[in-house]
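Me: I would like a close look at one part of this structure, followed by its wider setting. Please keep the account plain.

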Amino acid sequence: MASLPPVAFSNTVKIDQEFKKFSAPSLPFEKKNHGTKELDKDLGSFSSEFREALSLIREGNRKLESSSYVPLLRECMENSSVRGVASIHSHIFKTGFCEELFLMTFLVNVYAKCGEMASARKVFDNLPKRNVVTWTSLMTGYIHNSQPEFAIDIFKEMVEVGGYPTNYTLGIILNACSSLFDIEFGKQIHAYIIKYDIEYDASIGNALCSFYSKCRCLDMAIRAFQRIEEKNVISWTAVISACGDNGNSAMGLDMFVQMLAEGVEPNEVTLTSVSSLCCTMQALDAGSQVHSLSIKLGYESDLPVANSIMYLYLKSGCISGAKKLFDGMNTVSLITWNAMIAGHAEMTSHADDGLSAYICGIEALKIFHRMQKSGLKPDLYTFSSVLSICSSLVALEQGEQVHAQTIKTGFLSDMVVGTALLNMYNKCGSINRAIKAFLEMSTRTLISWTSMITAFAQNGHSQQALEIFEDMRFVGIRPNKITFVAVLSACSQAGMVDQGLAYYEMMKNEYKIIPVMDHNACMIDMFVRLGQVDEALDFIKKMDLAPNEFIWSILIAGCKSQGKLELAFYAAEQLLELKPKDPEIYFLLLNMYLSAERWKDVSRVRKMMKDEKVNKVVDWSWISIRNKVYAFKADAKKHHNDEIAKLLVDLLDRAKAIGYKVETNLEMTVHEENEEAIIALEPAHAHHSEKLAVAFGLLNTSNEAEIRVIKSISMCSDCHNFIKFVSILTSRTIIIRDSKKLHKFDNGQCSCKDFGNLV
């Protein structure tokens, strides 16, 4: 049975009282005088045929048929001219065609397409009779105007008065259920479909598949797909998208292979969905085949297809493929530019090393500037991506320029852009600007509040972080687990043990949040900072979760700083059992064993590194000055020029004069040519890269400018101590973002409170 029969009803339908509240008191043409002069003002965008036909209707010299109004109403709909629709409606009323069901149903549809649902409902209520098309037109209108709850009520009303929905009606109402995530009513519709044995129909099966997918019931979506007798390209696309939307990309690709095996040719929507699946799985080979297929089928110039494939190439690290595709596009939309920028931003998180990530970020900013030169105006997605890139680059100057553009374009008031701006200033170490961005937000969400708390904590302003957390609670915003990570981090930074324990208990008891590893790490960090390593170890033993490598690293660092080597060695053994992948952890352990001259342990750790194929640690630092990137690699013998070497020697001598002491330790280094490990007793100041970058920045920027450096690995304690003295000697603020956290050195103090360099 392909569909249920349409029926007509008399005008004795009882209207639900809820709908009467939403009905307009009168139609627009009854409220206003839509005379010739008013309508003539709007005729500029209409065709000459429309104007001619309208003139004939006004003259009234010719006998009209109801069908004469259809093309006029259609053109009003295409031009979204409510005034034109209302004027023609008025003429229909005068000529007595208001009882023509086909014409009035079409009028309901036109009003709905123009966004005038009150008028559409008024026309519907005054109809002398209705058929299923009329009911469905009103339901469709409510869904297209983002009022799916009214569509469901109309459907219920139709069924109550004895109406029989068609397959199209059922598809429309399932769409409404999807929008509302109303799984219960959707299942009732499904039961109705089973009762009348129409599950096998493609349009019904497609609608059911999409409905269950959006309600996160993938198994039911697949079952609905499997029951379709004659699966078309829409059916296959629906089930492929369902797999992707519900986190099973591999199954989605399998479905695509089955689709091709059954001889069904994909369309542009299918190819876009499959490209997204490949992107999620970073399946570059499969994505390249999809790209080839799209060219073969003639979709290479289709923007959604091209955008999705381009983003796949970017996310998979294939920059050349993405650039070739981008440069070959005939037309480039804002979505394409955004995909290119966002793709480069994504690559900064997945690059093999910090320097590659930095270069990707710089390239993303260049693409942003090219987009602006093309004449396209950025939207909120563009601004949020670019601000995120500025954050990762510690590019304050570029971030300030983007800030100015958000003000000029009016996007600063958007919550997403405002929060991205706050995060950018925080990551660049500019806490005062971050506060200003927060205070200027027109609306503050949980994410905004959490970002501000995090900013205070990361910049060493723990008391302000706790105060703003209490402000957030006062205005009724409920914190989540991420908020409590920021709060506990603030307590840890300031060594506020009592407050930290109180907030930890508040999180569990008042807000019923189960502690995760990040919460426990903050608590252990807090104990270790205060020298309470035994308490930290007790806390670890009481944890519900098995400690991860970061927690053991914190304990090792704390034990080392306080000379409790036996406890540090115990933590090291626990850490090695986890077989960590972070090269820095292995070098932390190696240097600890070297200092204690435990040569068997040194050999054991080196063997583990070889077995686990741990990459060697490469110490790079880089600084951006006047939009040019300068990179420095650690090297004890080669400075980039004599001027840098001379400045470092001078700074070292002056620092020693005011109390700086060089730390000399046994260190494990790797020879560049043969990668053989060498144990060397040498001062750390001789070769670490951030000192070179800072010296270069001091030589090439004005005396008032802040120095901003990014380092590929964490700072050692000697470099950390030395930079503190440099900030005193030069009266400069020096910001170094290492692999662990941001260090803001100002007048001999660091925002990490001298603990961040130990972990």
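In which helix is Phe550 found?

Reply: Phe550 is found in helix H33. The model is predicted, with local features reported only at pLDDT of at least 70 and side-chain atom pairs only at pLDDT 80 or more, while totals for chains, interfaces and linings use all residues. Residues are numbered from 1 along each chain as its sequence is written, and side-chain values use heavy atoms, leaving out hydrogens and water.

Helices here are DSSP runs of H or I with at least four residues, strands are runs of E with at least two, and both are numbered from the N terminus. Phe550 has a relative accessible area of 40% and is therefore partly exposed; buried means under 20%, exposed over 50% and partly exposed in between, with a 1.4 Å probe and protein chains only. From C-alpha to C-alpha, Phe550 lies 9.5 Å from Pro580, although 30 residues separate the two in sequence.

H33 covers residues 549-561, and its axis comes within 11 Å of the axis of helix H35 (residues 583-595), crossing at roughly 30°. Axes are lines fitted to C-alpha atoms, for helices over the stretch in contact, and angles run from 0 to 180 degrees between N-to-C directions. H33 and H35 are therefore roughly parallel, because angles under 35 degrees count as roughly parallel, over 145 as roughly antiparallel, 65 to 115 as roughly perpendicular and the rest as oblique. The crossing of H33 past H35 is left-handed, meaning that the near helix is turned anticlockwise from the far one by less than a right angle; clockwise would be right-handed. On the H33 side the contact is made by Glu549, Ser553, Ile556 and Lys560, and on the H35 side by Ile585, Leu588, Leu589 and Met592. Contact means heavy atoms within 4.5 Å. An α-helix has 3.6 residues a turn, so residues three or four places apart point the same way.

Helix H21 (residues 334-350) and helix H22 (residues 354-373) pack at about 165°, their axes 7 Å apart. H21 and H22 are therefore roughly antiparallel, and their crossing is left-handed. Residues of H21 that meet H22 include Trp337, Ile341 and His344, and those of H22 include Cys360, Ala364 and Phe368. Cys360 has a relative accessible area of 8% and so is buried.

Cys390 is buried too, at 0% relative accessibility. Its closest cysteine sulfur, in Cys428, is 7.1 Å away, too far for a bond, and the whole structure has 0 disulfides, a disulfide being a pair of cysteine sulfur atoms within 2.5 Å.

In helix H11 (residues 167-180) sits Ser178, which is buried at 5% relative accessibility. Leaving aside residues up to four places away in sequence, Ser178 touches Ser210, Phe211 and Lys214.

As for the whole chain, there are 39 helices and 8 strands, and 50% of the 759 residues are buried. Of the contacts with a separation of 6 or more, 64% join residues 24 or more positions apart.
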